[in-house]
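Here are a few notes to read alongside the structure. Take them one at a time, and keep the 3D view open as you go.

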Amino acid sequence: MIESLKTDLTQWEIGPYDHSLPGPMLLRLRLDGELIVAGEVETGFLHRGLEKALERQLWRSAIPYADRLDPEGALFGELALCLAVEEIAALAVPPRAQSIRVILSELTRISAHMGYIVRVARAVGSETMVHYVLRDREKILDLFELATGARVSLNFLRFGGVQADVTEGFIERVLEICELLRIRLKEYNDLFTYNHAFIKRTRGIGTIAPELARAFGVTGPNARASGISFDVRKEHPYSGYDFLDFEVPVGRRESQHLGDANHRFLLRLQEISTSVEILKQSAEAITSGPFALRKPEESFEVPRGEAYIRIESSRGLLGCHLVSDGGAYPERIQFRPPSLALLSVLPQLVRGIRIEDLPVVLATLDIGVAEADR
Amino acid sequence: MNAQAMWLNPWISGFSFAESVPQWLLTACGLVLIYCLVIVPSGAVMGYLERKLSADFQARVGPNRAGPAGVLQPVADLLKLLQKQASRDWNWREAIWLLVHTMALYSTVAVIPLGSLLLLVDTDMSAFLPFWSALVLALGTMFLGLSQGSVPGWFGGIRVAAQALAGAFPALIALLCAGIRAGGFRWSEIAAAQSSSPLLWTAAANPFQFIAFFVFVISGLVLLGIPPMDAAFSAPDIHGGVSSHLSGRKLTVFRLGRFYGFLLWSVIAVVLFLGGWELPFGLSTELRNADSPRLLQIFELCWLLSKTFLLVLVVTWIAKVNPRSRVDQVTDFAWRVLSPFSLVALIGASLVAGWGAL
């Protein structure tokens, strides 16, 4: 019942299920007109008890569960688990398997970043861009299907290697995709990135200052857009990233709009170029040889031990803490998902923006609710 | 009834009704028939074309199931929407909205210019009437949003009002520019001041009229909330705003109003600035001389609607590649960019008209 014009603050709850949100979460907003005065985030709606579920699996059957950590970047969960097990069991992965892992990782990163572009385009209402990027993302999913038989949840990595050697023609098609993406990125820029209306929608909102990023433990592309040069692939190389020659894009410190939504978007585009570069090098440098230490059906035991490994997922630093008591099951598995830091920093970012900016800020942050809630 | 409505009479008399049926009733029925036969189907055609063309722009297929190449998709959509159950009970506020909305829609039928003989109300103020109808549509939409008692509806309603007010001023000024050149606001005068040749259209008369044309079209987008200026109906943040709680038949009426508003605006833009209904190669004169009013009506209507569809498609094309602007950016743009330009156009058009009168 609206009897008179309200001038006090409005309360608005968005969620837990809402298409402007990256996943199930509840946002409690206090609005002054269209301005957001304060925001609170409630999470846990997607909690599946994933870490506990992993402890109930045999070592080998834990891998498909790790896929579910972040469905969009399924390979990163697998890779983190495999690297942790390999560290405890001191397994040396053959070079060919390393290269295949790097290729699949970077393809996953590109597909996740393309999904990101789609969400940003949808948040600002640019349907054309959405369809163009989805069309090209399909080609990467086709490559996954060619190599692993699955498009999203790959379940392809094994302790000490990968499940199978890549299909004939896969490497050539990876190189074709690299060439295609180089052309497409230019198209995306022409159509969308440098569109005046898009820049006006994203510039200066949801800014993460470098200090804020450090204080909340923000990592990955979001932190790099804030000018923090930290990439696990460079700082703590794994799977042979130290043998590859690539530059990690970082936001320029002197930029006036350091760490805002537009910067984060641009950085993702640059990351795709970097990944293409890595893909090319890995595809050209791939050696022949075994793709795994043993046959997949052979059982093996993980000795007693503890490991913490870090990898660079598409959203940032993904940690995996693994404890083994030498038995048939993992004793304890914990993940450190990069999205959790974003959820904690979110209330700082929504303060002072307009409600129309909220979907844009959420989309440019790239929060993976699945991995945050686990 | 205005004497201009007499064009209907030869059509009506052809059916030989009883003498006891009053003329005004026949005229009114004829109008409703025209509305149903021209406006509503043109909405379906435009909806289909928009979908198919945007599918082509966006590297996808578009509707292809209902009928050959999906041509029956608008019909399927309409039937589905009509039979859907309302998501909420009908309340008296929505009844008021429906009344205002329908009145605004039907009031335009009388004033919409569709040809030299299809002019029902051709008064000194004719060109302003569809403009007011558009504002009344916005008013009804705002009421609907405020009556919903939800935050998205509230913001949607307020944004509709803000955009309508911001767009109305430059649109009105641009309308004055066209009127100044024609020397009046009668549809017949405005059309007579132009010709079929694009060089003699108002938009091409001088640079100021060209600016006025642009301002008129763009401020229409702002006024009616058409993409990419549709922040009032934005989906990601306020779930479509006013329409967030509408479903079924209410949504049908609402969508028809939105689409019809766009079509109406494009028709007016074509009549004011793009030569109106005058047929090329002197066909209009020949048909008039040959005393075949029905053929003239049909050809003029088709010619006018073709130009209108082209304008609609160009606007849709631009809308497809541009992101949606934020509502404060939209109103800011209307007040601080469109309005000054419209004033420049008005001053320029007045000077040109005064120069010509000397």
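1. Let's begin with confidence in chain B. This is a predicted model, and chain B has an average pLDDT of 81, with 90% of its residues scoring at least 70. Within chain B, the lowest confidence falls in helix α1 (residues 8-13) of chain B, with a mean of 61, while helix α8 (residues 207-224) of chain B has the highest, at 90. For the model, the scores are ipTM 0.79 and pTM 0.86.

2. Now find helix α5 (residues 127-148) of chain A. Its 22 residues span 31 Å from the first C-alpha to the last, close to the 32 Å expected at 1.5 Å a residue.

3. Which residues of α5(A) are buried? Among them are Met129(A), Tyr132(A), Val133(A), Asp136(A), Ile140(A), Leu143(A) and Phe144(A).

4. Finally, look at where the chains meet: 26 residues of chain A are in contact with 22 residues of chain B. On the side of chain A that touches chain B, β1 (10-14), α4, α5, α7 (196-202) and α13 (357-365) of chain A each supply at least two residues. Which element gives the largest share of that side? That is α5(A), with five residues. By class, the side of chain A that touches chain B holds eleven nonpolar, seven polar and eight charged residues.

Technical notes
Residues numbered from 1 in each chain as written. Chains lettered and ligands numbered in written order. Predicted model: local features only at pLDDT ≥ 70, side-chain atom pairs only at ≥ 80, totals over all residues. pLDDT = per-residue confidence, 0-100. Helix = DSSP H or I, 4+ residues; strand = E, 2+ residues; numbered from the N terminus. Expected span 1.5 Å × (residues − 1). Buried ≥ 20, exposed ≤ 12 C-beta atoms within 10 Å, placed from the backbone. Contact = placed C-beta atoms within 7 Å. Nonpolar A, V, L, I, M, F, W, Y, C, P; charged D, E, K, R; others polar.
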